[in-house]
Amino acid sequence: MADGHSRFSLVVASQCEAMGQELKLLARAARELDTMLRDPRRGECSAALPNGHSLLLNQDAGTTMTAVADASEKARNGLLILAWIGHGMVRNDDFYVLPSGSDPARLGFPQGGPYHLPHQLKELLTARPCLSMILLIDACMAGAGAVQAATEWMGLDNDLRRRFQILSATNMNEAAYDCAFSRAISTLLRTGHIALDDHLVCGDLKRASERATRVQQPSLFALDGAKDGPDLWVAHNAARLHQTGSLPAFQLADGWEGLRRSLRHFYPTPSLETIVAASRTHRSVVVRGLAGFGKTTLMGALTRSEVAPGVVPDSFVHALRLLKRYETSGRVAEAISDQLSVTVPSFPRAKQAFENSVPSSEREQMPMADQHLLKPLRHLPAHTVVRIVFDGFDQLDEVPARDLGDLLQRLQQPWQEGADVRVVVSSRPDAAPPLAECEILVDVAPESELRAYLTERCVPQQLCEEVLAGSDGSWLVASLLADHVRDTPGLLPHEIPSGLAAVYRGIFDHALDGGAIWDKAGSPVKAAFTVLTAAGPGAVLPEPLLLDASARLSAPTLGEGRLQECLEPLRRYVARAPASQNTSSTMLYGLFHQSVADYLTGTLKGGPSSYRVDATAGHRALAEAIASLAPADERTPDNAREPLQDYAERAEPDHLWRCGSYEQVLRSLETRPSVIPAENLERWERWHHEFADHFGSDHPYTLTAQHEVADNTGAKGELGRAVEMFTTLLPVRMRVLGPDHPATLTTRGSLAHWTALNGQVADALELFTRLLRDCTRVLGHDHPDTLTARHDIAALIGMKGEPNHALELLTELLPERLKVLGPDHWDTLATRHEIASWTARSGNPERAVEILSELVPDYTRALGPDHPNTLIARGSYAAWTSKSGHHQRALKLLTELLLDRMSVLGPDNPETLVTRYNIAAVTYELGDCEKAVTLWREVLPDFVRVLGGDHPRTQVVRQRLDGTGHDGGAGPTGPSVK
């Protein structure tokens, strides 16, 4: 009876004493192969024998024949992978294997003679037409067995509707050595190969064996006459499975396909050996080289021992980061920490040891790089080597380069305890990673190495010399020319292009009918490549944006199917990958290498005459596509990380900048903020540098960016620093714009705002009083900004300890805001909100609750239920309900509010965190102290992560946990100045 499982394996290995030659590695090789075939993450086979076994070791011929028959029966409706490891012989053109106790001289005897394996399998296959088989023969003269099996099995019952494959270790008359064939197969199954497909097939095993056993020539025979059913495969490709230890950096949307492409025909070079040796000797190594000379390929090869066996040791590199233009040390450290948790067995314990050794309050104040990486590394066992590779330091923008440079310097510092960290960094010569103990220059590739590579790529001998000359020592050009030769049959030596620009021109000519397809009016190919050039290298651009932007460049008929059709001739030069394995099926596109963009824009030496694109038009089309398909006002926490909105947040400012829409850059940054203040600060710092470099430090755009840097510094929790920055900015704006310019008045308001939050209420009140006087003079008594200054002064007077006076001023202000702005304007509603707050603080929380019960519906009607101000009013309503003694009612309101804030603002928004804090506070008031403390402990790490350990709101949570806090809620107690 056949088993319900469809894949089965049996490994048979046997010494033959009569041969007089012991195979010392036989048992080990058999067990390794059996383990790999049975591993559910690799071979995924069930045991083929009835007793649940899949390995038969050193058994006689009778036992072996019975086991093979039983295995064939169990797999009769599925696949049987059968491996023989041992001795083999040929007599009268028949191939035999020699189980234990057999004697070659007893050929033809019923007992004790050689075992005619191909013939028995022929009989078993005849009786089981639905049985598929992969036969692996590791024995001397195994090729003869493969030939015999293929010949005899091919026409069973005059029916070709069968599926089998036979892979032999040797040619027909060759010896096999040391079970090398089986050991090479096991190695491939264990490690996988990054350049191969999801499933390893017999052809992959054959090539792996050829590389490992140069003195043996494996042979492969196959028949696939079955109408239905999957193709035969031996194992899952472990290099493509995260569960088997592949580096988490190599995900489908983050460099996997590019790495596979670069390593598909990798040829190990002395440069690789030099880097390996240098990293063993030195703590830090910088690999420098021009674009196209193979730096990224070398960095990738360091992580994959299977592409350079004998050169790169197993598990040589433990983490790899492919650097992008905008990085932060915290995110990079977190990503590396995730990788080390997989590749360094003791790292998870080290992380736990670090967390146990430092109080949570102290740990939470540390930078992310310390928390996730630097401190845990010091808790690893002494002298544990941890090797980290950073590829593409030259890709970093100025601000991220400084941040990552600091992280690299700290990683390179020798420690008295913990890990022995080794760092390898690649960069172009003009970039400046931190100084390293050793620098290696990747220069022109030696001719001998390029020649060996071209031989591996099967470039015809008559073309090799011209290809070598055209490559000019560049690995990239050599690989492109090898592709070009393969794609252009009949190419003559004089037709081989020389230099990277000429190579691309030849590739485009061949793919696009000499340029006719490109030059055609409304060419979708030209439109698509214009947009891809603007997007840059790597699979980064969501397909809907590519289609929309291309349509704006006179290619309106370009749909999804048409896109694939027009990119097909140049598919190798377009990176393509799913946006995510979890969140979306959207495909991402980009150019496979920066040099293609350089060629198409004419910045590559010897640039194009016919294939130039207007990159500015591409940037403009993408900016318009983003505005259409991913507008900022449709961005929500639920879709912020979806491909379109995620790309818009990262790339819209750059596209606007490249097409000269500088004011819109500021608008994009303002309307697509992160919920994490530190991330907003990093973005504004970067763009402040961009505006300053382009326009100068005194330009209004630069000053606007500088204003936002200061504002986000305060939002990050550095209140005093924000006051200092606004104090520095104000005289510059006064000098450049004049004291009465609206932007100058805005900076004065921000200075007063952060002065108040920094605890200097009297100073802030003086600043706002002066600001009110000037707003009245410049803008008029009824101008909205003048009324705002009056609103803020009232709030500060209340903070100063005069709640009744504050209430009086706000009550006087409300009719004027109603007259100027109307009842539904958010400023009018804000004054009503502030009146409720100071009514409560004047000793009448019950009246405040009544005011808010009327105000919340007005907010909902005027601004909508999801508007942030509506949610703030609901938060105040709940908080003052609790202050009025109605804790159970307040808990219900807060619980409902939390769900809406999670949905509208996201779990990391500071106001969402405040709601969680207030739920804990009300829970405490209801008498459930243990649950309240649990809730505060749960929310504290999120406050630290989002706002930072020193932020005032974070400190309030700590005070409650320390038993020193006194306020029941973090929501309505602070100033509401803007």
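User: What share of the residues in the protein chain is buried?

Analyst: Buried residues account for 53% of the 978 residues in the protein chain. Keep in mind that this is a predicted model.

User: Thanks. How many helices and strands does the chain have?

Analyst: There are 40 helices and 18 strands in the protein chain. Along the principal axes, the C-alpha atoms fill a box of roughly 115 × 70 × 55 Å.

User: And of the contacts between residues at least 6 apart in sequence, what percentage joins residues at least 24 apart?

Analyst: That comes to 70% in the protein chain.

User: Let's talk hydrophobics. Which residues have the most contacts inside the largest nonpolar core?

Analyst: Tyr 504, Phe 508 and Phe 529 do, in a core of 68 residues. As background, nonpolar side chains in soluble globular proteins tend to be buried together.

User: What does Phe 508 touch, then?

Analyst: Setting aside residues up to four places away in sequence, Phe 508 touches Trp 518, Phe 529, Leu 570, Tyr 599, Leu 600 and Tyr 611. Phe 529 in that list is also one of the residues with the most contacts inside the core.

User: Switching to sheets. In what order do the strands of the open sheet with β16, β17 and β18 run?

Analyst: The order is β16-β18-β17, with antiparallel pairing. β16 (541-542) and β17 (574-578) are the edge strands, each pairing on one side only. Strands of a sheet pair through backbone hydrogen bonds, in general.

User: How many bridges join β16 to β18?

Analyst: 2 bridges join them, and β18 covers residues 587-591. Leu 541 stands opposite Tyr 589, while Pro 542 has Leu 588 as its bridge partner.

User: And how many bridges are there between β17 and β18?

Analyst: β17 and β18 pair over 5 bridges, in the antiparallel sense.

User: Is β18 enclosed or open to the outside?

Analyst: β18 is largely enclosed by the rest of the structure, because 5 of its 5 residues are buried. Met 587, Tyr 589 and Leu 591 are buried on one side, and Leu 588 and Gly 590 are buried on the other, so both faces are covered.

User: What about Asp 472, what is its phi?

Analyst: Asp 472 has a positive phi too, about 55 degrees, although it is not a glycine. Asp 472 lies in the loop between α16 and α17 (475-487) and counts as exposed at 58% relative accessibility.

User: Over to the start of the chain. Is Ser 9 buried or exposed?

Analyst: Ser 9 counts as buried because its relative accessibility is 0%. This serine belongs to strand β1 (residues 7-14). Beyond its neighbours within four places in sequence, Ser 9 has contacts that include Leu 37, Arg 38, Cys 45, Leu 80 and Ile 81.

User: And where is Met 19?

Analyst: Met 19 is in the loop between β1 and α1 (26-38). Met 19 is partly exposed, with a relative accessible area of 35%. Leaving aside neighbours within four places in sequence, Met 19 is in contact with His 87, Leu 98 and Pro 104.

User: Last one: what separation do the C-alpha atoms of Met 19 and Ser 498 have?

Analyst: They are separated by 59 Å, and the two residues are 479 residues apart along the chain.

Technical notes. Residues numbered from 1 in each chain as written. Predicted model: local features only at pLDDT ≥ 70, side-chain atom pairs only at ≥ 80, totals over all residues. Heavy atoms only, no water. Helix = DSSP H or I, 4+ residues; strand = E, 2+ residues; numbered from the N terminus. Buried < 20%, exposed > 50% of the residue type's maximum accessible area, 1.4 Å probe, protein only. Contact = heavy atoms within 4.5 Å. Core = buried A, V, L, I, M, F, W, Y, C linked by side-chain atoms within 4.5 Å. Pairing = 2+ DSSP bridges.
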